[in-house]
Amino acid sequence: MLRQDGRQLVALVCGLVAAALLVSWLGARAAEPTAATVANPLEGRSDVADEGRGLFNQYCSHCHGPNAIQGERPRDLRRLKLRYGSEATKVYQETMSRGRPDKGMPVWKDVLSDDVLWRIFMYLQTVQTEP
Ligand code: HEC
């Protein structure tokens with residue numbers, strides 16, 4: 001009887017350890033960045049926005065308007081926040097990587113460095129239309 005209890009105790013402890021490992025593994029997985037979260041490496045660096053404006057006007061303004069002033073809605077980059085809210089960073093990153101070939105938006109990844117593209121994004125954040 002005593003041996004039986006001992007075995008049950010061992011089984012119980014093993015079960016608890018396994019459960020704890022599973023929970024911590026799931027927790028670690030949840031903390032890993034997934035494709036759903038895109039981090040802007042220049043977040044908070046408002047000092048690069050000025051340079052971003054120059055880069056924007058050099059590379060993007062002939063389609064998106066000087067200083068991003070463009071009345072045609074799908075191209076109006078002042079509306080990124082209005083259109084996409086907290087997904088705006090992700091949409092930006094995806095649009096830069098894939099372009100929208102069917103709509104005339106080129107792929108910029110591999111043409112401009114990530115650093116340049118995020119500088120442009122930092123500039124765009126300063127011109128967002130408020131709701
Ligand atoms: C040759 C013209 C052209 C150039 C140059 C261009 N774009 Fe675009 N871009 C477009 C068009 C057209 C669209 C709209 C696509 C659509 O209708 O979905 C667009 C869409 C976008 C969008 C998505 C907007 C939204 O609301 O969904 C982003 C972000 C963007 N462009 C960023 C840039 C940046 C940054 C540059 C400069 C590095 C750039 N584009 C240069 C033509 C261009």
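1. A residue is termed buried if 20 or more other C-beta atoms lie within 10 Å of its own, exposed if 12 or fewer do, and partly exposed in between, with C-beta atoms placed from the backbone. By this criterion, buried residues account for 15% of the 131 residues in the protein. The structure is a predicted model, in which local features need pLDDT of at least 70 and side-chain atom pairs count only at pLDDT 80 or more, while totals for chains, interfaces and linings use all residues. Residue numbers start from 1 along each chain as its sequence is written.

2. The protein contains six helices and zero strands, where helices (H or I, at least four residues) and strands (E, at least two) are DSSP runs numbered from the N terminus. Along the sequence the pattern reads α-α-α-α-α-α. Two residues are taken to be in contact if their C-beta atoms, placed from the backbone, lie within 7 Å. Of the contacts between residues at least 6 apart in sequence, 60% join residues at least 24 apart.

3. The packing of helix 2 (residues 49–59) on helix 6 (residues 114–125) has an angle of about 105°, and the axes are 7 Å apart. Axes here are lines fitted to C-alpha atoms, for helices over the stretch in contact, and angles run from 0 to 180 degrees between N-to-C directions. Helix 2 and helix 6 are therefore roughly perpendicular to each other; angles under 35 degrees count as roughly parallel, over 145 as roughly antiparallel, 65 to 115 as roughly perpendicular and the rest as oblique.

4. On the helix 2 side, the residues that meet helix 6 are Ala49, Glu51, Gly52, Arg53, Leu55 and Phe56. Their counterparts in helix 6 are Val116, Arg119, Ile120, Met122 and Tyr123. The residues of this contact comprise seven nonpolar, one polar and three charged. In this classification Ala, Val, Leu, Ile, Met, Phe, Trp, Tyr, Cys and Pro are nonpolar, Asp, Glu, Lys and Arg are charged, and the others, Gly among them, are polar.

5. The end C-alpha atoms of helix 6 are 16 Å apart, in agreement with the 16 Å that its 12 residues should span at 1.5 Å a residue. The expected span is 1.5 Å times one less than the number of residues. Buried positions in helix 6 are Leu117, Trp118, Arg119, Ile120, Phe121, Met122, Tyr123 and Leu124. These buried residues pack against helix 2, helix 4 and helix 5.

6. Leucine 124, in helix 6, is buried, with 22 other C-beta atoms within 10 Å. Beyond its neighbours within four places in sequence, leucine 124 contacts Ala68, Leu77 and Leu80. Leucine 124 and alanine 49 are separated by 75 residues in sequence, yet their C-alpha atoms are 7.9 Å apart in space.

7. Methionine 96 belongs to helix 5 and counts as buried, with 21 C-beta neighbours inside 10 Å. Not counting residues up to four places away in sequence, methionine 96 touches Trp108, Lys109 and Leu117. Methionine 96 and proline 106 lie 10 residues apart in sequence and 8.0 Å apart in space, C-alpha to C-alpha.

8. Most residues other than glycine have a negative phi. Asparagine 67, in this loop, has a positive phi near 55°. Alanine 68, in the loop as well, has a positive phi of about 65°. Asparagine 67 is partly exposed, with 13 other C-beta atoms within 10 Å, whereas alanine 68 counts as buried, with 23 C-beta neighbours inside 10 Å.

9. Glutamine 70 is also placed in the loop between helix 3 and helix 4. With 18 C-beta neighbours inside 10 Å, glutamine 70 is classed as partly exposed. Not counting residues up to four places away in sequence, its contacts are His64, Gly65, Arg75 and Asp76.

10. The ligand has 20 residues around it, of which Cys60, Cys63, Pro74, Lys103 and Met105 come nearest; a residue is near a molecule or strand if its C-beta atom, placed from the backbone, lies within 6 Å of it. Helix 3 (61–64), helix 4 (80–84) and helix 5 (88–98) are the elements that give two or more residues to this shell. The shell is made up of 12 nonpolar, four polar and four charged residues.
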